[in-house]
Amino acid sequence: MTTNASWRYVFAGETVIVTVIILLRGQIAQAPKAEHRPKLDVIGSVLSVAGLGLAVFGILMGSKWGFVKPLGALTIDGTKITPLGFSVVPFMVLAGLGILAGFVQWEDRRERLGLDRLLDTALLKITQLRAGLTTLLGQQLVLMGLFFVVPVYLQVVIGLNAFETGKRLLPLSVAMLIFALVGPKIAGRRSPRTVAQAGLVLISAGAV
């Protein structure tokens, strides 16, 4: 699709798949209704979206505006925005992190008041959970870096088209699908550390 038409059709195809899932949602077994239906934490939702969105947007615009030194600086009505002579990107990222810190404080406040929360921050105090999340973060950094660098290398350096690049990435994608299905069974018999280490080794082997 990307080689012969446009990458935009790929996202249109995803929309069709989601539409079909929505139409067939009646076939999915419904979870039992909770005795207490939680209320949406609107302010918490706004804070989390604003914090994450601002930080991620700043990082994405770093290549255009510069991460520290202003390059193609953010311009509003002909005025370049360069706080203290720096790029606006680090200030956006710091502002996003500040908003996320406010989000955590807001969730803690709702917990003290006995109100429904968007995130139970007490979960992050569990050592095993933090270790698992850290390991997952490491895996995702390796995986996302792999899926970013390898296609660029195959297309820009070697000169393959999108279809040929996809063919070479297919074994890795198939392996990920298989282990996503069998992973829970393996995790039930082995320790999380062993599973995580094996996963990193297999990802590295797939990259090679």
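**View 1. Contacts of Val-89 in the predicted model.** In this predicted model, Val-89 touches Gly-58, Met-61, Gly-62, Trp-65, Gly-66 and Phe-67, leaving out residues up to four places away in sequence.

**View 2. Packing of helix H2 against helix H4.** Helix H2 spans residues 42–60 and helix H4 spans residues 89–112. The two pack at an angle of about 160°, and their axes are 8 Å apart. Because angles over 145 degrees count as roughly antiparallel, H2 is described as roughly antiparallel to H4. The crossing of H2 past H4 is left-handed. On the H2 side, the contact is made by Ile-43, Gly-44, Leu-47, Ser-48, Ala-50, Gly-51, Leu-52, Leu-54, Ala-55, Phe-57, Gly-58 and Ile-59. H4 contributes Val-89, Met-92, Val-93, Ala-95, Gly-96, Ile-99, Leu-100, Gly-102, Phe-103, Trp-106 and Glu-107. By class, the residues of this contact comprise 16 nonpolar, six polar and one charged.

**View 3. Packing of helix H5 against helix H7.** Helix H5 (residues 127–157) and helix H7 (residues 192–207) have axes 11 Å apart and pack at an angle of about 10°. H5 and H7 are therefore roughly parallel to each other. From H5, the contact involves Thr-135, Gln-139, Val-142 and Leu-146. From H7, the contact involves Ala-196, Leu-200, Ile-203 and Ala-207. Six nonpolar and two polar residues form the contact of H5 with H7, with no charged residues.

**View 4. Surroundings of Glu-111.** Glu-111 is a residue of helix H4. Its relative accessible area is 35%, so Glu-111 is partly exposed. With neighbours within four places in sequence set aside, Glu-111 is in contact with Arg-117, Asp-120 and Thr-121. One of these residues, Thr-121, is 10 residues from Glu-111 along the chain, and the C-alpha atoms of the pair are separated by 9.0 Å.

Notes. Residues numbered from 1 in each chain as written. Predicted model: local features only at pLDDT ≥ 70, side-chain atom pairs only at ≥ 80, totals over all residues. Heavy atoms only, no water. Axes fitted to C-alpha atoms, helices over the stretch in contact; angles between N-to-C directions. Helix = DSSP H or I, 4+ residues; strand = E, 2+ residues; numbered from the N terminus. Parallel < 35°, antiparallel > 145°, perpendicular 65-115°, else oblique. Left-handed = near helix turned anticlockwise from the far one by under 90°. Contact = heavy atoms within 4.5 Å. Nonpolar A, V, L, I, M, F, W, Y, C, P; charged D, E, K, R; others polar. Buried < 20%, exposed > 50% of the residue type's maximum accessible area, 1.4 Å probe, protein only.
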